[in-house]
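The sequence and structure are shown first.

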Amino acid sequence: MTVRVRVPAKINLALCVGALADDGFHPLTTVFEAVDLWDELTLRPADDVRLTITGEGADAVPTGPANLAHRAFTRMASEFALPTPGAVLEVHKAIPVAGGMAGGSADAAATLLAVDAWAGLGLGRDRLGRIAAELGSDVPFALLGGLARGTGRGDRLEPITRAVSHTWVLALAEGGLSTPAVYGRFDELHPAGCSLHLSPGFDAALADPRSLAPLLRNDLQAASLALRPALADVLAAGERHGALAGLVSGSGPTCVFLCADTDAAARVAAGLGGHPEVAGVRCVTGPVPGAHVVAA
Ligand code: C5P
């Protein structure tokens with residue numbers, strides 16, 4: 001039996017980062033949005049665990065036990081009786097690797113869901129979500145999708161059910177940024193951390209891109225720009241071509257641009273296409289559902 005799962009990338013509309021805590025993590029208040037850029041994972045039964053990666057940035061992704069999808073499978077195999085001891089996991093990537101859009105976390109979430117469906121475990125979102133949080137801070141949101149407020153390490157989620165639709169242009173970068181390195185630079189820049197309070201009008205502004213644009217916030221952005229100064233020019237270029245606002249996605253280096261509509265997005269995408277620091281451009285919309293089985 002083969003199971004195929006699609007899983008979306010995420011954008012942080014707000015990423016408020018507190019001071020480094022004793023557990024080595026930073027407390028967060030964040031608003032996640034899942035966008036229609038999908039990794040696809042196919043699971044086939046096998047005697048051992050094997051991972052193959054194709055698509056966007058595949059060469060840069062480890063395929064051994066360090067890969068989060070690999071760890072997700074072995075975590076499930078350690079607790080539950082599975083039909084075979086291993087599986088072949090084929091991941092086709094569209095989410096940029098080490099791009100600040102939770103691509104590795106997405107593949108882990110897809111693996112949890114695929115194993116659950118394949119083995120008929122019926123774990124449900126809550127139980128899968130708890131296992132997801134053990135694997136990484138962004139894994140629970142990749143399962144949930146949509147729009148959600150995250151606290152704790154970003155793993156405690158509260159869905160936001162407001163009906164909204166956002167149009168984004170993504171500017172992909174050549175090469176990734178290490179999340180721990182970005183948080184490390186954040187600690188140097190903001191030893192006392194930043195405020196964990198979202199601006200009061202944030203939820204209401206979600207319904208209108210022009211109101212949302214000035215409220216978009218990423219406390220990691222200064223750290224990402226310190227490590228990759230050329231991103232400042234990418235952000236300026238996107239806004240010059242008509243984006244309502246641009247910001248670094250998560251720990252970067254992908255830059256995301258909120259646009260008024262699809263026509264504006266097409267202009268921004270065309271304007272960024274030839275930029276020397278931009279390796280690729282995507283127009284996406286959000287929010288979209290989280291990880292889901294497309295074939296079993
Ligand atoms: O949870 P995840 O494995 O994605 O985190 C990767 C790294 O990012 C952590 O080891 C930590 O250095 C940093 N991080 C953090 N605070 C968070 C989330 C991640 O410092 N809330």
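## Accessibility and the model

A residue counts as buried under 20% relative accessible area, as exposed over 50%, and as partly exposed in between. At 28% relative accessibility, D203 therefore counts as partly exposed. The model is predicted.

## Salt bridges

The whole structure holds 13 salt bridges. R149 pairs with D203, and their closest N and O atoms are 3.0 Å apart. Because R149 lies in strand 5 (residues 147–151) and D203 in helix 6 (residues 202–205), this pair ties together parts that are 54 residues apart in sequence. R149 is partly exposed, with a relative accessible area of 23%. Shared partners also join R75, E79, R127 and E134 into one network of salt bridges.

In one, the side chains of R4 and E40 meet at 3.0 Å, N to O; R4 belongs to strand 1 and E40 to strand 2, 36 residues apart. R4 is partly exposed at 30% relative accessibility, and E40 is partly exposed at 28%. In the other, R44 and E90 form a salt bridge of 3.2 Å, N to O. Here R44 lies in strand 2 and E90 in strand 4 (residues 86–93), so parts 46 residues apart in sequence are tied together. The relative accessible areas are 34% for R44, which counts as partly exposed, and 30% for E90, which is partly exposed.

The structure contains two aromatic pairs. The rings of F32 and F141 are stacked, because their centres are 4.5 Å apart and their planes lie at 10°. F32 is in strand 2 and F141 in helix 4 (residues 139–144), so the pair connects parts 109 residues apart in sequence. F32 is buried at 1% relative accessible area, and F141 is buried at 2%.

Arginine charges also sit over aromatic rings. The charged end of R6 is placed over the ring of W38, 4.4 Å from its centre, and that of R153 over the ring of F25, 3.5 Å from its centre.

## The largest pocket

The largest pocket has a volume of about 1100 Å³. It is lined by 44 residues, of which L68, S105, D138, T179 and P180 are the closest to its centre. By class, the lining comprises 20 nonpolar, 17 polar and seven charged residues.

Strand 1 (3–17), strand 2 (28–46), helix 1 (68–79), helix 2 (103–118), helix 3 (124–135) and helix 5 (179–189) each contribute at least two lining residues. Helix 2 gives the most, with four residues.

Terms used
Residues are numbered from 1 along each chain as its sequence is written. This is a predicted model: local features need pLDDT of at least 70, side-chain atom pairs count only at pLDDT 80 or more; totals for chains, interfaces and linings use all residues. Side-chain values use heavy atoms; hydrogens and water are left out. On a 1 Å grid over the protein atoms alone, a cavity is a set of points where a 1.4 Å probe fits but cannot get out, and a pocket is an open set with protein on both sides within 12 Å along at least five of seven lines; lining residues have an atom within 4 Å of a point. Grid points are joined across faces, edges and corners, and a volume is the space filled by probe spheres set on the points. Ala, Val, Leu, Ile, Met, Phe, Trp, Tyr, Cys and Pro count as nonpolar, Asp, Glu, Lys and Arg as charged, and the others, Gly among them, as polar. Rings of Phe, Tyr and Trp (its six-membered ring) pair if their centres lie within 6.5 Å; planes under 30 degrees apart count as stacked, over 60 as edge-to-face and the rest as tilted. Buried means under 20% relative accessible area, exposed over 50%, partly exposed in between (1.4 Å probe, protein chains only). A charge sits over a ring if NZ of Lys or CZ of Arg is within 6 Å of the ring centre and within 35 degrees of the ring normal. A salt bridge is a side-chain nitrogen of Lys or Arg within 4 Å of a carboxyl oxygen of Asp or Glu.
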